[in-house]
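Please read the following report alongside the sequence and the coordinates.

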Amino acid sequence: MDTLYLVIGEILLPFSLGLLCVWYVHPWMVRIAELKDIVDEPSSRKLQRRPVPILGGVCVFLGAVVGLGSTSVFGDGSELFVVVMAMTVMLYTGTMDDILGLTPRVRFMIEIATVVLLIVIGHYRIDDFHGLWGLGVIPVWTKWKQWSIPTTSSFWTALSFLAETEPRKQQTS
């Protein structure tokens, strides 16, 4: 009975509520983004051929918060406060980047500060890969153990930082 309670109360219900929330809110956010012209315009560096609404992160955030919040009905959800704070910072950063176009350097610094918040205040870290890429438990003696989250989350940011540099213009003769 405990396993069924765990599966329903802490996995299926939060996932279902979050999914339903996103499913319901997303079309409204797309309409709002199109009406207010909050769209990502096509350019030579982007794949889309027409403007794409860019408020999808707000829907995902709402679904995640509803899902996380529903877990507190079945247990203590106080540890998730720091996670929701970090998610809020990342939502704000992503939305501002979509609307204002933040520089990669500013985004990178905000993401690093958010990860440090998760490590220092929330005591979150990756200490076991459970066989992923042939890796298991990270030994205690490794100094970088607590910084494994910043390295994994910053990897894609660093790549986007490199990708944001303007390509060199070819000289025409």
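Cys59 counts as buried, at 1% relative accessibility, where buried means under 20% relative accessible area, exposed over 50%, and partly exposed in between (1.4 Å probe, protein chains only). The model is a predicted one, in which local features need pLDDT of at least 70 and side-chain atom pairs count only at pLDDT 80 or more, whereas totals for chains, interfaces and linings use all residues. Residues are numbered from 1 along each chain as its sequence is written, and side-chain values use heavy atoms, with hydrogens and water left out.

The structure holds zero disulfides, a disulfide being a pair of cysteine sulfur atoms within 2.5 Å. Cys21 is in no disulfide, and the nearest cysteine sulfur to it, that of Cys59, is 8.2 Å away; this is too far for a bond. Cys21 is itself buried, with a relative accessible area of 16%.

| Residue | Relative accessibility | Class |
|---|---|---|
| Cys59 | 1% | buried |
| Cys21 | 16% | buried |
| Val25 | 19% | buried |
| Ile8 | 42% | partly exposed |

Cys59 is one of the buried residues of helix α2, which also include Phe61, Gly63, Gly67, Ser70 and Thr71. Helices (H or I, at least four residues) and strands (E, at least two) are DSSP runs, numbered from the N terminus. Because the expected span of a helix is 1.5 Å times one less than its number of residues, the 16 residues of α2 (residues 56-71) should span 22 Å, and the end C-alpha atoms, 23 Å apart, agree with that value.

Val25 is found in helix α1 and touches Cys59 and Leu62, residues up to four places away in sequence not being counted; contact means heavy atoms within 4.5 Å. Val25 and Gly56 are 31 residues apart in sequence, while their C-alpha atoms are 9.6 Å apart in space.

Helix α1 (residues 2-35) also holds Ile8, which together with Leu4, Val7, Ile11 and Leu12 makes a nonpolar surface patch of about 420 Å².

Taken as a whole, the protein chain has five helices and two strands, and follows the pattern α-β-β-α-α-α-α along the sequence. Buried residues make up 22% of its 173 residues. Of the contacts in the protein chain with a separation of 6 or more, 55% are between residues 24 or more positions apart.

Methods
Patch = residues over 30% accessible without salt bridge, like charges linked within 9 Å, V, L, I, M, F, W, Y side chains within 5 Å. Areas by Shrake-Rupley, 256 points an atom, 1.4 Å probe, with all protein chains shown as cover. Salt bridge = Lys/Arg side-chain N within 4 Å of Asp/Glu carboxyl O.
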